Amino acid sequence: DGFTAAVTEAAFSPLMTYLTLQLEVSPEALAAYKEANGEGFFDDEGNLIYAYDGSELVASWLFDLQLVDSAGGVLTHEGGNSGYSADWAEFIYPAAEELPEELWLAPVRDGQADMTRAVRVR
């Protein structure tokens with residue numbers, strides 16, 4: 001999808017799980033996005049107010065991420081993305097009662113995790 005992601009920080013407390021991802025959008029993917037959509041958002045006078053930086057390429061994927069086990073079983077339906085840019089994203093989830101040995105962030109739609117687009121947490 002034109003970007004890579006890796007977990008750089010993970011903290012597990014009795015109440016919450018905190019995760020930070022490092023993101024890297026490929027220059028080719030960003031260039032293709034800009035070619036299809038323009039350089040960014042412009043005001044009515046034609047002034048550029050926001051240049052596309054790649055966060056547009058990761059946003060929909062980030063907002064679908066949930067904690068899942070290695071089989072794609074969803075551990076929590078609450079929480080999720082608490083901020084992002086083209087370079088990083090942060091997630092906060094309620095603590096799961098028992099965390100599996102393998103823990104993943106995977107996009108979940110209609111209750112189904114897409115493990116082909118998942119990022120291993122541990």
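Visitor: Let's start with tyrosine 33: at 22% relative accessibility, what does it count as?

Guide: Tyrosine 33 counts as partly exposed, because buried would need under 20% and exposed over 50%. One thing to keep in mind as we go: this is a predicted model.

Visitor: And tyrosine 52, buried or exposed?

Guide: Tyrosine 52 has a relative accessible area of 9%, so that one is buried.

Visitor: How many aromatic pairs does a search of the whole structure find?

Guide: The search comes up with seven. As a general idea, you describe a pair of rings by the distance of the centres and the angle of the planes. Take tyrosine 33 and tyrosine 52 here: their centres are 5.1 Å apart and their planes make an angle of 85°, which is an edge-to-face pair.

Visitor: Which parts of the chain does that pair link?

Guide: Distant ones, 19 residues apart: tyrosine 33 belongs to helix 1, while tyrosine 52 sits in the loop between strand 4 and helix 2. Ring pairs also tie Tyr33 and Tyr52 into a cluster with Phe41 and Tyr50.

Visitor: What stands opposite phenylalanine 41 in strand 4?

Guide: Tyrosine 50 does. The two strands behind that pairing are strand 3 (residues 40-42) and strand 4 (residues 48-51), which run antiparallel and are joined by three bridges. They make a hairpin with five residues between them, and glycine 46 in the turn has a positive phi of about 90°.

Visitor: Now the open sheet of four strands: what is its order?

Guide: Read it as 1-2-7-6, with antiparallel pairing. Strand 1 and strand 6 (80-84) are at the edges; each has a single partner strand, so one side of each lacks a neighbour in the sheet. On average, neighbouring strands are turned by 25° against each other, direction ignored.

Visitor: How many bridges join strand 1 to strand 2?

Guide: Nine, between residues 3-12 and residues 16-25, running antiparallel. The hairpin that joins these two strands passes through three residues.

Visitor: What is threonine 20 in contact with, neighbours within four places in sequence aside?

Guide: The contacts are Ala6, Val7, Thr8, Glu9, Ala89 and Glu90. With a relative accessible area of 17%, threonine 20 is buried. In general, side chains in a regular strand alternate between the two faces of the sheet.

Visitor: Which residues touch the most other members in the largest nonpolar core?

Guide: Of its 20 residues, those are Leu21, Trp61, Leu62, Leu65, Phe91 and Leu105. Strand 2, helix 1 (27-37), helix 2 (55-63), strand 5 (65-68) and strand 7 (88-94) each supply at least two residues. Apart from this core lies another, of five residues, including Val68, Ala106, Val108 and Ala118.

Visitor: Beyond its neighbours within four places in sequence, what is phenylalanine 91 in contact with?

Guide: Quite a list: Thr17, Tyr18, Leu19, Leu21, Leu62, Leu65, Gly80, Asn81, Ser82 and Leu105.

Terms used:
Residues numbered from 1 in each chain as written. Predicted model: local features only at pLDDT ≥ 70, side-chain atom pairs only at ≥ 80, totals over all residues. Heavy atoms only, no water. Pairing = 2+ DSSP bridges. Core = buried A, V, L, I, M, F, W, Y, C linked by side-chain atoms within 4.5 Å. Buried < 20%, exposed > 50% of the residue type's maximum accessible area, 1.4 Å probe, protein only. Contact = heavy atoms within 4.5 Å. Axes fitted to C-alpha atoms, helices over the stretch in contact; angles between N-to-C directions. Phe/Tyr/Trp six-rings, centres within 6.5 Å; stacked < 30°, edge-to-face > 60°.
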